Amino acid sequence: MYDIKALYEATSVADAVSLLVAHPEAKIIAGGSDVLIQIREGRLAGCELVSIYKLDELRGVSLDADGTLRIGPLTSFSHITKDPLIRQIINVLGEAVDMVGGPQVRNIGTIGGNTCNGVTSADSASTLHAWDAVMEVTGPNGVRQLPIKEFYIWAGEVALQPGELLTAILIAKESYEGYVGHYIKYAMRNAMDIATTGCSVNVKLSADKKTIEDARIAYGVAGPVPMRAPSAEAAVKGLPVSQATVEAFGEAVLKDVNPRTSWRASKELRLQLAQELAKRALARSIQLAGGDI
Amino acid sequence: MVVGKSVARIDAFDKVTGRAMYTDDLADSRAYVAKVVRSTIANGWVKSIDTSAAEKIPGVVKILTCFDAPETRFPTAGHPWSTDPHHQDVADRQLLTARVRYYGDDVAAVIAENEVAAAQAAKAVKVEYEVYPFVLDAQEAMADGAPQLHEEFPNNILAHTKMGFGDVDAAIAEPGLIKFEGWYETPVVQHCHIENHICYAEMQGGKIVVVSSTQIPHIVRRIVGQALDWPWGKVRIIKPYIGGGFGNKQDALYEPLVAWLSLQVGGRLVKLDMSREETFANNRTRHAIRSHITSYVRPDGTFVARILEAFSNQGAYASHGHGIAAKGMSSFAQLYQCEACRGDAYTVFTNISVAGAMRGYGIPQAMFAGESHIEDIARGLNMDSMELRRKNMIPVGYVNDFDKNEMYFDSLNQSIDKGMAAIDYKRKLAEYQNQTGPVRRGVGMAIFWYNTAVWPLSLESSACRMVLNQDGSVQLQLAETEIGQGADTAFAQMTADVLGVPFENIYVVSTQDTDVTPFGTAAYASRQTYAGGFAVKQTGLLLREKILKHARELTRMAEFNLDIIDGNIVRTTDGRVMMSLGDLATEVLYSLSHSEHIVAESTYQIKSNAYSFGCCFAEVEVDIPLCKVTLLDVVNVHDCGSLINPQLAEAQVHGGMSMGIGFGLSEQLLFDPKTGKPLNNNLLDYKMATTMDHPDLKALFIENAEPTSAFGTKSLGEPPACPVAPAIRNAVLQATGVSVNKAPLNPHILFERFKEEGLI
């Protein structure tokens, strides 16, 4: 039995916006795999909910005319993983969200909910950061777009204004064309867990596969929100594909991440993991891109 | 004969189709819902409780605080009662308490019409405390000046016992001995049975009736009577199917409170359903034990003298108390032989969740310490650890002075041989020597000692009833409980063979109801098939005798020439079927001359018990930079005597191995050093191993029929959980050369150790 004050079922995006405006205290519920837990824990007990779960227009993955990849925020993790466009363009995202919880959660949980929670450990978040995703938000004043880096404000806090909801996750053609990536989820067990650290890396190699033209890396759980490691990215740009480059990448990461000690993991262990995962994810990305390492 | 065959469990179809009824299924939907208000400090006193805001919440029926509850103190451990006051469990629990001893202690209870109102009201109850400093570590709690929990136990020492034989000081004077010592530490873990503890109570016919997810209905009846100061006969406990217990439910948990709450609302039905968070923090846990072992060894590996100090963290209340550390110490004195041995075991109160019985009862902790230590000695001596074990371990013919347990067979060597072959130990051991590089493999093993049942420490008694139906089928009733392990099926198999009745004609009354079920102390100490087996056999023989007397009358054949075979009365001289058992039962029941309802009931007191031995072999891969262990292969070998049902036995072993994997690699209940609050009392943050963390589990058996047993069987419920963690630890040692003496071997602990050893 859940302590829910009221549930409003939205019939369209416009209806969802007006419901959110009419009920400013209400929380948005999509798959419910996070919201219901927070209600049970008491954090959201007695809340009002606006459900967007029936808005099929927010489901599915498509390509815009300009080649932008458009991911509907209500697309479930399991549908993301199996989607042909995701597989072709950003397979690493499908692999990353396939590591969420267990099969039941992946069938109900949505990628939009995963990001709108504002949680640093979300398995989709580091990959979306690493691929320069753009968040499309709809509210009483219409539609606006903002880079994912600006969407995440603080732990549990995202840039949704009153009456707004996420209506698409976009990845521009220049952000994905020529890039291949790999995500490593480091957790204390192999399923049903939240990342101690998540590391998503992708690279674009030169035509001869000998040089790193571009490398991008983002972490979950290296700070209160998912974060890129700009020093590491700069350190390997233009460098030859080699073990030394991989080592340099791992070294440079330490300039960017500054994790804290908590009972979940010490700062020292987190730093050890940040370095090691960066190296492994880069090496694997290079291999996937056709480089020899 | 059906004993020894893997027949399908008798409850399988009901369970997989959802027909089997559990406590929550049986509770009327109109039940009031109770919720416990828990302390938010770890040590101190409740000064006042303000319920005014909580009482205004719609749906709240009544709020009861520690100031409303009786002062009566009662013990909770699921032990048979002792009429000797010196052997009774410590009575230190109250229904609700003003004296708070751990974070989450029971200070008040809310009764409401529904869950939401109960939760809201529990939150709205305002409690004012006098706050004391608290202590979480057993050895710190023993220090002078440490915060005290119970006045009657100075320095928080619930019990300190000594053990020993020979003269250690004289023995270690021998020149040339090599000394080894180490500290070994195991964590607080929890049982994590699928069904949380749940119970409900109501008045019926002048009795308080409690339906509970418990392993021990007859014991709970006594404890509810003691807690409420009620005649025990006016307490009726009903135990339906339960979703696991593993020892947590071998305690009176919230049955006394829910019974009392029902009485406070005129005997209305009140239900108390624990959340998973409460099951972790407010039921029972496994004692964390820190052990210091010192061994004096000859250069050839012969043990000369051994010393053990063990510090067991009891948490806030006595529950099963010192029994756990004491059992661990017994194993230390017996598993490996030496000339002189000395042990001190302390069980110490601290301000953490209460420790009680958990699968293995001290032996998983003792094996982690002892089997890690022997591996360290072997390394120190540059000797094969298997050779070292074989040289010193308990020999065939050993008889224990105290309980007269005898080592009848060479079970340990046989288990080791079988396990070695199964995992290809020798080849892997050689292959994994002297590895370098970031990812390395290793094999390791551990043996274990276990002792079935509790005689002569306390009573072992089991009673059984059999009722013959008109069609020749039989109802079987025992107090020994089905808790998921398959006891009902095993008892049905035994009964079928003793009586000569087809297995499918034995109907086990699975539910225990203390008003009608014969007395027995039920599911613990891996005693069900051993203890229950005596009662089944004795009662079965009684029933058989009665049946054959009637058979003589009806067939005019001599009783000694008659037998019951496959549900028929058979003349043994020529094998002729004289009549079916059904015809006999119908004839006798409806006889106009002397009708009889053919039943048999008897109690068997068991004055023996039996060792159970075996081992575990584990193969691991260690990713050193990531501080991670992957378990590649694991094999358990057990000599639990004759198998009653091989498939169920294998399932028992699989479950125990899984618990051992969690204990060794990932599980640990943590408490905040700043507040004493449990940090990870949920299934996300408490890292129980998932399917994805298990390799295929292999269970193998050595079947040496136990000579003291009614069916050649002995303990298997707990033993599988005992050797797994040290086997994994020893495999990690082989892979990396690093001895990790603190379980679980999770990345946090491995990171510290690998750094200390310069591996990362």
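A residue counts as buried here if 20 or more other C-beta atoms lie within 10 Å of its own, as exposed if 12 or fewer do, and as partly exposed in between, with C-beta atoms placed from the backbone. Helices (H or I, at least four residues) and strands (E, at least two) are DSSP runs, numbered from the N terminus. With that in hand, the buried residues of helix 20 of chain B are Pro747(B), Leu750(B), Phe751(B), Arg753(B) and Phe754(B). An α-helix has 3.6 residues a turn, so residues three or four places apart point the same way. The model is a predicted one, in which local features need pLDDT of at least 70 and side-chain atom pairs count only at pLDDT 80 or more, while totals for chains, interfaces and linings use all residues. Residues are numbered from 1 along each chain as its sequence is written, and chains are lettered from A and ligands numbered from 1 in the order in which they are written.

The buried residues of helix 20 of chain B pack against helix 13 (267-288) of chain A together with strand 26 (628-639) of chain B. Just after helix 20, Gly758(B) takes a positive phi of about 75°. As for the two chains, 23 residues of chain B are in contact (C-beta atoms, placed from the backbone, within 7 Å) with 17 residues of chain A. Helix 4 (115-124) and helix 20 (747-756) of chain B each give two or more residues to that side of chain B, and helix 4 gives the most, with five. By class, the side of chain B that touches chain A has 12 nonpolar, seven polar and four charged residues. Here Ala, Val, Leu, Ile, Met, Phe, Trp, Tyr, Cys and Pro count as nonpolar, Asp, Glu, Lys and Arg as charged, and the others, Gly among them, as polar.

Within chain B, an automatic or database assignment gives domain 1 (12-132 + 197-273), domain 2 (288-455 + 608-756) and domain 3 (461-605). The centres of domain 1 and domain 3 of chain B, taken over C-alpha atoms, are 38 Å apart. Between these two domains of chain B, 20 residues of domain 1 are in contact with 17 residues of domain 3. Helix 7 (217-228) and strand 11 (235-239) of chain B each supply at least two residues of the domain 1 side.

Then there is the sheet work. An open sheet of eight strands in chain B has the order 3-5-1-12-9-10-11-20, with mixed pairing (strands pair if DSSP finds at least two bridges between them). Strand 3 (60-65) and strand 20 (512-513) of chain B stand at the edges with a single partner strand each, so one side of each is left without a neighbour in the sheet. Strand 9 (residues 198-204) and strand 10 (residues 207-212) of chain B run antiparallel, joined by six bridges; Gln204(B) stands opposite Lys207(B) in strand 10 of chain B.

Strand 15 (residues 340-349) of chain B is mostly covered, with eight of its 10 residues buried. Strand 7 (residues 157-165) of chain B runs antiparallel to strand 15 of chain B, and eight bridges join the two; Lys162(B) has Asp344(B) as its bridge partner. Strand 14 (residues 303-315) of chain B pairs with strand 15 of chain B in the parallel sense over 10 bridges, and there Ser312(B) has Thr347(B) as its bridge partner.
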